[in-house]
Amino acid sequence: MKNGILAIALEKGLSGEGLSRDEALEFTALPDSRVYDMLSVTGRVVRTHKGMEVNLCAIVNAKSGLCKEDCSFCAQSVKYSTGVKEYPFLQGEAIVNAAKEAGKNHAREFSIVASGSRIEKESDIKILSDAIESMKEEAGVERCASLGMIGATALKKLKDSGLQSYHHNLETSRAFFPNICTTHNYDDDVNVVKTAKSLGLHVCSGGIFGLGETWQDRASLAMLLRELDVDSVPINFLNPRPGTPLADFKNLTPVTCLKIIALFRLMLPLKDIVVCGGRQVNLRGLQALIFAAGANGMMIGNYLTTPGANPEDDRQMLADLGLSPKGL
Ligand code: SF4
């Protein structure tokens, strides 16, 4: 019977239909000793739909710390004493220079990320619009932003300046969300995704795993992202930050991380699945297997508050796997 789910996963993955929630849960319930069977399925599905090219993305933390929200995994909340660097919006030139650097490292997409639940000041929107326009002329990368619960008017303004993608994570399932954030509602986040979709932006929305959520929570998030028809799904793994409520939390194994990637690939077989924060500390020596588990994208360079891998090492890993960065 357990071999049955592997065959179903292969068929529904290759056809693009994707697994149902229950089927995905049956797949991820296979014992860790079957991980190579699982990866043989997801590896075929991802190569069939995404070929041998990998989307690389990079970010700049354009405004750090000082966030009034209380996301329990995040070092940037004012509620926790984490020692994270705090600074208001960077100057546009610094943002554009970071985008150029990312382009040189073969990032296809570059995201301007700002802490906080929303961008309120007109002056901040102006900095962003100008930076996006300069990126368009000078940086040679796709232009993305992650600015929290932005309203439709401001987002449209940024789109008119040349913004192509908007990133906004739902983080986890609706049922588990109150365990990790009490300062805003899940629907506030869902509405941001809907607004970005309605404006015709490429929408990147996923979550962070290893917060204590169950496999049911992970599958529920995947189902909702499928219903919202997001274009790409970033997957982050908790890298516990000192000073946060989850500072001592550690419940992911490298194989669990691979199974999480597999679940998203099999429930959203045609979408981009991008592995982001927490890759090195959680996957350790199994990092290269993310591309067999179903990822077709990876964040390079530094994360928001933690250092990433050397871009040269990541490029070498791709070359060793016979994969290449996707161009513009
Ligand atoms: S995840 Fe975003 S909204 Fe939540 S505390 Fe961190 S910066 Fe604020």
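Arg284 lies in the loop between α11 (279-283) and α12 (290-293); helices (H or I, at least four residues) and strands (E, at least two) are DSSP runs, numbered from the N terminus. The model is predicted, with local features requiring pLDDT of at least 70, side-chain atom pairs pLDDT 80 or more, and totals for chains, interfaces and linings using all residues. Residues are numbered from 1 along each chain as its sequence is written, and side-chain values use heavy atoms, without hydrogens and water.

Arg284 is not a glycine, yet has a positive phi of about 45 degrees. Arg284 is partly exposed, with a relative accessible area of 47% (buried means under 20%, exposed over 50%, partly exposed in between; 1.4 Å probe, protein chains only). Asp229 sits in the loop between α9 (215-228) and β7 (232-237). Its phi is positive, near 60 degrees. Asp229 is partly exposed, at 38% relative accessible area.

The axes of α2 (residues 21-28) and α10 (residues 254-267) come within 10 Å and cross at roughly 150 degrees. Axes are lines fitted to C-alpha atoms, for helices over the stretch in contact, and angles run from 0 to 180 degrees between N-to-C directions. α2 and α10 are therefore roughly antiparallel (over 145 degrees). Arg21, Ala24, Phe27 and Thr28 in α2 meet Lys259, Ala262, Leu263, Leu266 and Met267 in α10 (heavy atoms within 4.5 Å).

Notes. Angles under 35 degrees count as roughly parallel, over 145 as roughly antiparallel, 65 to 115 as roughly perpendicular and the rest as oblique.
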